[in-house]
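Good morning, everyone, and thank you for making time for this. Please have a look at the sequence and the structure as they come up, and then I will go through them step by step.

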Amino acid sequence: MSTTKVLPLLEPEAVAPCCPPLTERPLTAAEAEQAAVMFKALGDPVRLRLFSAIASHEGGEACVCDISDVGVSQPTVSHHLKKLKDAGLLSSERRGTWVYYRVEPAVLAAMGQLLTRAASV
């Protein structure tokens with residue numbers, strides 16, 4: 001019997017998105033920098049697979065032991081997870097000897113909003 005407790009995730013609307021939709025207006029330099037960091041982190045196929053594995057994992061979080069089979073060594077997986085975490089796309093929590101990762105609540109909503117068409121007035 002597992003004693004691991006799944007922590008609730010914050011609602012996406014709890015954090016403001018980084019940028020307006022690309023079709024609304026040109027991004028400022030600061031907004032473009034912030035968005036570029038997120039997309040650069042996802043620009044590597046291994047990182048994209050890890051991000052997808054975590055985002056789609058039951059409960060919205062995954063133990064590193066459950067997602068490390070992406071065709072690279074464990075140190076390389078750790079390197080890629082650190083890059084995703086440094087970009088603000090993931091958070092992590094150590095539980096005993098394992099580290100659990102979860103997608104930051106507003107990340108998917110913010111990235112989705114950036115890529116959607118601005119609402120017509």
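What you see is a predicted model, in which local features need pLDDT of at least 70 and side-chain atom pairs count only at pLDDT 80 or more, while totals for chains, interfaces and linings use all residues. Residues are numbered from 1 along each chain as its sequence is written, and side-chain values use heavy atoms, with hydrogens and water left out.

The secondary structure of the protein chain comes to five helices and three strands, where helices (H or I, at least four residues) and strands (E, at least two) are DSSP runs numbered from the N terminus. Reading from the N terminus on, the order of the elements is α-α-β-α-α-β-β-α. Of the 121 residues in the protein chain, 35% are buried, and buried here means under 20% relative accessible area, with exposed meaning over 50% and partly exposed in between, using a 1.4 Å probe and protein chains only. If we take contacts between residues at least 6 apart in sequence, 63% of them join residues at least 24 apart, a contact being heavy atoms within 4.5 Å.

Now to the sheet, which is open and has three strands in the order S1-S3-S2, with antiparallel pairing; two strands count as paired if DSSP finds at least two bridges between them. Strand S1 (61–63) and strand S2 (90–95) are at the edges with a single partner strand each, so one side of each has no neighbour in the sheet. From one strand to the next, the twist averages 25 degrees. Helix H2 (residues 45–56) packs on this sheet and touches S1, S2 and S3, its direction making about 85 degrees with that of S3; for such angles, axes are lines fitted to C-alpha atoms, for helices over the stretch in contact, and angles run from 0 to 180 degrees between N-to-C directions.

Glu61 lies in strand S1 and stands opposite Arg102 in S3. Is Glu61 buried or exposed? It counts as buried, at 6% relative accessibility, and its side chain is joined to that of Arg95 by a polar contact of 3.0 Å. A polar contact is a pair of N or O atoms within 3.5 Å; within protein, one must be able to donate a hydrogen and the other to accept it, and residues adjacent in sequence count only if both atoms are side-chain atoms.

Finally, the helices. The buried residues of H1 are Glu31, Ala35, Met38 and Ala41, and they fall within an arc of 135 degrees seen down the axis, so they line one face of the helix; the arc is that of the directions from the helix axis to the C-beta atoms. In H5, Val107, Ala110, Met111 and Leu114 are buried.
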